[in-house]
Amino acid sequence: MRPIPRRSFLAGAASAAAAPLLPSFAFAATPTGTKLHGLSAFGDLKYAADFTHFDYVNPDAPKGGTFNFSPPSWFFNQSTLTFNTLNSFVPRGDAPPRMEICFDSLMTGILTGPLDEPDAVYGLLAETVTLSDDRNTFEFALRPEAKFHDGTPLTAEDCAFTFKLFKEHGHPNLMLPLSEMTDVVAVDARTFRLVFSGKQSERTVLNVVSFPILSKTYFEANPFDGRGLKPPLGSGPYKVGRVVAGQAIEYERVADYWGQDLPVNRGLYNFDRIRIEFYGARQAAFEAFKKGDIFYRQEHTARVWATEYSFPAVAAGKVIKREFPAEKRPSMQAIAVNQRRERFRDRRVRQAIALCFDFEWTKRNLFYDAYERSQSSFEKSDYKAEGMPSPAELELLEPLRDKIPPEAFGEAVIQPVSDGSGRDRKLLSAASKLLAEAGWKRDGPLVTNGKGESLAVEFLVEEDSLARVLTSWMENMRAIGFDATIRMVDSAQYQARQADFDFDLVMMALSFTATPTRDDMESLFHSRSADLPGSRNFPGTADPAIDSLIDAIGRAADRESLVTAVRALDRVLRARLDWIPNWYSANHRAAFWDMFGFKEPKPDYGFPVEAMWWFDKDKAAAIGKG
């Protein structure tokens, strides 16, 4: 699972649903007892063992230059507004984006690839991986040349230390996939063994082999708690350079990086320096881009894209404004309704909140028709449920009939289309009726319950642009009696309140992997993450029926059964309305100073320009940036 702009897990019904789904073997078509250069969940690998580079890169790309950009995506505990730690792998704190490029992993994954296959990984630190007969043990042969930035060798002891550390103390996105890890063994310096219980997801290993490997020696001498701004010892293509606390960070390319000539790295990591500057306000970041202090920017505010990209550098052709196709990955953008707070546990209250959102008015007046209405947690993908459930979906849903909303068995739930007036009386009347049915009666300007308590709802935000969009939604809620407000806080407080689930409503946007895993679902929707600080289960969803569908996703032995299981989950999520879907864009809106080279077309499953593009001296000289 990959977060994008903004910023596992049990009984009764779960057992009933699981009964007809006998366990299958992970990687059923993958041979055991054989050293493999890569793994694929379904089908064959695209790249043979003797491949020289990924097709979407330029293997002859020159090295050099600086790439100063505003990151459009981030991971773990990272923030684009500030930072107070350089440990990206702990639950708390604000780390700068792209700390992950300072660390290598057993196999490719988190940022750069492969980006033209939906479910494959290839050896990085590990030259080969061998599966046991029961497919629960993975033995990795580490490359002897692998080393940390201080020149010390990276060994199996470091791998074993890392996975134990993440399972006990890591960020939830690292901790949860390791819940069924039973053992890690450093067989010798160059042989590492990872053992699972057999209850893990079919594709758990595809996640965990992309986890960064840390230095045992370093973290035995330094705390793993995120305190301070001391850069952890890494092994990747970049290392931390200049740091201005909370304001800027530079990553310097490691000239003697041990893995620079590996096929999985050739043509990547071309900039000598990657710089990220932090701005508390979106407009300030945009002004820095206009001046040429920032070189690349993906625009997430429709109004700015439509009205403010007419500055002189654009007119002169020095800045290129264009759209790139979005990835072929399921995406989710929604408002989480925190059901740890009793007043939001009644589904009718959540429905009333959703009915107050006039998307059609917002699209026309605030979005310049640049966004479409999101209906699903798996938008823009085959995993999105459509129409009536298929027979295969019903096989998963029927055992749960008395545990899930009846709407899950009808047409896939969609949010109603408003009249676009900004205050659709029909929808607001329906919302008022739902509140009355849920026990909230009008008392003057507000609705109250039997205890005389008002129905308080606070949107928690960290950006002016989002507050602007949510204002009309809030005003509609006030019109029918909600005590609705918007609270804007700084980035550090926003992260902390998210981690502690201290909010009523909060927005999240993310992109799943092209082949979603049970691990992806657990961190968002499963009972096990509901009370885990730092998890992304913002609504506090803890439902055995949801858990059983997530288990079905984990057991899917082929893509067809995976699509079926995710669609069944989508139906239930949309009927429950723990997350209120809002909007999405079909493309990346990007602008950049014309000083870079890149290969087209972009790959289908990722767009890490900072890793794939390169500095073009001639172009830079032509626009005065040489």
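Which residue in strand 23 does Tyr296 stand opposite? In this predicted model, the residue facing Tyr296 is Phe592 of strand 23.

**View 1. Three-stranded open sheet with the order 12-23-13.** The pairing within this open sheet is antiparallel. Strand 12 (296-298) and strand 13 (319-325) form the edges; each has a single partner strand, so one side of each remains without a neighbour in the sheet. Averaged over the sheet and with direction ignored, neighbouring strands are turned by 20° against each other.

**View 2. Pairing of strand 12 with strand 23.** Strand 23 comprises residues 587-593 and runs antiparallel to strand 12. Three bridges join the two strands. Within this pairing, Tyr296 and Phe592 stand opposite one another.

**View 3. Four-stranded open sheet with the order 3-11-10-9.** The pairing in this open sheet is mixed. Its edges are strand 3 (66-68) and strand 9 (238-244), each of which pairs on one side only.

**View 4. Pairing of strand 10 with strand 11.** Strand 10 covers residues 248-253, and strand 11 covers residues 273-277. These strands run antiparallel and are joined by five bridges. One of the residue pairs to locate here is Glu252 with Arg273, its bridge partner in strand 11.

Notes:
Residues are numbered from 1 along each chain as its sequence is written. This is a predicted model: local features need pLDDT of at least 70, side-chain atom pairs count only at pLDDT 80 or more; totals for chains, interfaces and linings use all residues. Side-chain values use heavy atoms; hydrogens and water are left out. Two strands pair if DSSP finds at least two bridges between them. Axes are lines fitted to C-alpha atoms, for helices over the stretch in contact, and angles run from 0 to 180 degrees between N-to-C directions.
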